[in-house]
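Me: I am new to this structure and would like to go through it step by step. Could you show it to me, please?

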Protein chains: 4
Amino acid sequence: MEDLFDFGKQALASQPFSVLVGAELLHFSQGRAELKIPIRPELKQQYGFVHGGVLSYAADNALTFAGGSVLGPGVVTSEFKINYLRPAIGDFLVARATVIYSSKNQAVCRCDVFVSNEGKESLCATSQGTIAKIDQSSDSKA
Amino acid sequence: MEDLFDFGKQALASQPFSVLVGAELLHFSQGRAELKIPIRPELKQQYGFVHGGVLSYAADNALTFAGGSVLGPGVVTSEFKINYLRPAIGDFLVARATVIYSSKNQAVCRCDVFVSNEGKESLCATSQGTIAKIDQSSDSKA
Amino acid sequence: MEDLFDFGKQALASQPFSVLVGAELLHFSQGRAELKIPIRPELKQQYGFVHGGVLSYAADNALTFAGGSVLGPGVVTSEFKINYLRPAIGDFLVARATVIYSSKNQAVCRCDVFVSNEGKESLCATSQGTIAKIDQSSDSKA
Amino acid sequence: MEDLFDFGKQALASQPFSVLVGAELLHFSQGRAELKIPIRPELKQQYGFVHGGVLSYAADNALTFAGGSVLGPGVVTSEFKINYLRPAIGDFLVARATVIYSSKNQAVCRCDVFVSNEGKESLCATSQGTIAKIDQSSDSKA
């Protein structure tokens, strides 16, 4: 388990865009992944809320990690859908993804994105998507 | 027309996250928006491709601009769905969004994201989503 | 509560397509709706499984009912997304929908569709969508 | 070409649910499929419009046919997303699906659903989804 978590932290650290956004791995185990993103001015849009693109990045990446936890490394998000629920204002985001179903080559996962504001969490987006093994599909964002 | 384009450029420049990503407005007119994102190392994932989160940001933001071109300023993406088609490798991304249908308070838009590599464009993601006027919904990512 | 359930049963019975499919209301309360669809030959596709269109009908309608349970009557599904997980083979389908988030005018809901085969339930599809009050949107499938 | 069309008509005729709904194949060629559904009272909901479940069936099935036109027989819809745009009132539905991208094992397709009313067509729903070869995924609605 510790190994999986360490592996996940290295994978995240090896993604330059995740470093640019400032994502941290909070939890990583069979079927479950949690990312944390401290909110800073660079991540906002013109009204002072976290930009939707940051929420979609968080959902996408947490979904990929959750899928990878059951499929192994070398996975990509094939597709996902996200509903934005509330403006994200606060101290940090937490994206919590779980595997709903998996087969040998792909996994369907769900991810809720919360914003934590002074210790209080609110759900600000919810998403659902498909993670695929790279080998099985040349249809990959990789 | 010129005014709408100028307005769009200012709106994009006022989004700190869009500045961080390096997005530029290529085109903005009634029912249509195009964003360009030069590809640089910070936008990649561990395999050297553009991170999916950048593609989803591009789709999300182009969808919002397209919706705003018919609904007026003060719009948010309510939801969207994206399919990743090919690894994005190249010089820059172009996200092209169009309005499929609009009513007084919301618009359904589509966005294709292309990667340009040495002058050749390839479709790397396709998306569809709903843009809503802020006033009409407190359900907003804003 | 009994009243809400009775109201829901009447609403379902007033939909000719739901009668054609053979849907029954199992549960209907604030934030939650369950539909049951007995599986019969007319609902299948060429391989003997329940047709995907029946699963998507079940998801769509359960989502609408869940949304209506918090928004009031006069709602429509604005959009939804569904992932098919397993071939549906068995005695009946159960679609279980819950409200994830609601505002005055719309609700984001989730629905899992199970197939029951000789008393054993399996998840065969999962979906997520937006339900809107009719008044608030002329964008309606109604 | 004629052979592909004949093959498609037989495939549709072999789906009992498609027969129940009354779907007809209008067009079927490499990368493109069109289904027609005459509107009759059994396909409506309580307000007299075509039930959303019929629109989602039409989209789902046209997507599957479009995918099958490039992947070969033995395909399933893995997932799709649909936005409902207008109430469907009229004489018949036409679902037009095209392949956006395909690899060896899957295809991403788009489908617009129109309603024809006294000779005038209106777009009433738009959808996007993934079609997969059955062999490649046990994740199938089949």
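Reply: This is a predicted model.

Me: Which residue of strand 3 of chain B is the bridge partner of Phe80(A)?
Reply: The bridge partner of Phe80(A) there is Ile82(B).

Me: And what does Lys81(A) stand opposite in strand 3 of chain B?
Reply: Lys81(A) stands opposite Lys81(B).

Me: Let us change topic to the contact between chains A and B. How many residues does each chain give?
Reply: The contact takes 39 residues from chain A and 39 residues from chain B.

Me: Which element of chain A gives the most to that side?
Reply: Strand 3 of chain A does, with nine residues. At least two residues each come from helix 2 (16-21), helix 3 and strand 3 (75-84) of chain A.

Me: How do the residues of the side of chain A that touches chain B divide?
Reply: They divide into 19 nonpolar, 13 polar and seven charged.

Me: What about the helices: at what angle do helix 3 of chain A and helix 3 of chain B pack?
Reply: Helix 3 (residues 52-71) of chain A and helix 3 (residues 52-71) of chain B pack at an angle of about 140°, and their axes are 8 Å apart. The two helices are therefore oblique to each other. Helix 3 of chain A passes helix 3 of chain B in a right-handed crossing.

Me: Which residues meet there?
Reply: From helix 3 of chain A, Gly52(A), Gly53(A), Ser56(A), Tyr57(A), Asp60(A) and Asn61(A) meet Gly52(B), Gly53(B), Ser56(B), Tyr57(B), Asp60(B) and Asn61(B) in helix 3 of chain B. The residues of this helix contact divide into two nonpolar, eight polar and two charged.

Me: Now chains C and D. What is the order of strands in their open sheet?
Reply: Its twelve strands run in the order 1(C)-2(C)-4(C)-5(C)-6(C)-3(C)-3(D)-6(D)-5(D)-4(D)-2(D)-1(D), with antiparallel pairing. Strand 1 (24-29) of chain C and strand 1 (24-29) of chain D stand at the edges.

Me: Over how many bridges do strand 2 and strand 4 of chain C pair?
Reply: Strand 2 (residues 32-38) and strand 4 (residues 92-102) of chain C pair in the antiparallel sense over seven bridges. Among the bridge partners, Pro38(C) has Phe92(C) in strand 4 of chain C.

Me: Finally, what is the mean pLDDT of chain A?
Reply: The mean is 94, and 93% of the residues of chain A reach 70 or more. Over residues 137-142 of chain A, however, the pLDDT is below 50. Where pLDDT is low, the predicted coordinates should not be read in detail. For the complex, the predictor gives an ipTM of 0.93 and a pTM of 0.95.

Notes: Residues are numbered from 1 along each chain as its sequence is written. Chains are lettered from A and ligands numbered from 1 in the order in which they are written. This is a predicted model: local features need pLDDT of at least 70, side-chain atom pairs count only at pLDDT 80 or more; totals for chains, interfaces and linings use all residues. Axes are lines fitted to C-alpha atoms, for helices over the stretch in contact, and angles run from 0 to 180 degrees between N-to-C directions. Helices (H or I, at least four residues) and strands (E, at least two) are DSSP runs, numbered from the N terminus. Angles under 35 degrees count as roughly parallel, over 145 as roughly antiparallel, 65 to 115 as roughly perpendicular and the rest as oblique. A crossing is left-handed if the near helix is turned anticlockwise from the far one by less than a right angle, and right-handed if clockwise. Two residues are in contact if their C-beta atoms, placed from the backbone, lie within 7 Å. Ala, Val, Leu, Ile, Met, Phe, Trp, Tyr, Cys and Pro count as nonpolar, Asp, Glu, Lys and Arg as charged, and the others, Gly among them, as polar. Two strands pair if DSSP finds at least two bridges between them. pLDDT is the predictor's confidence in each residue, from 0 to 100.
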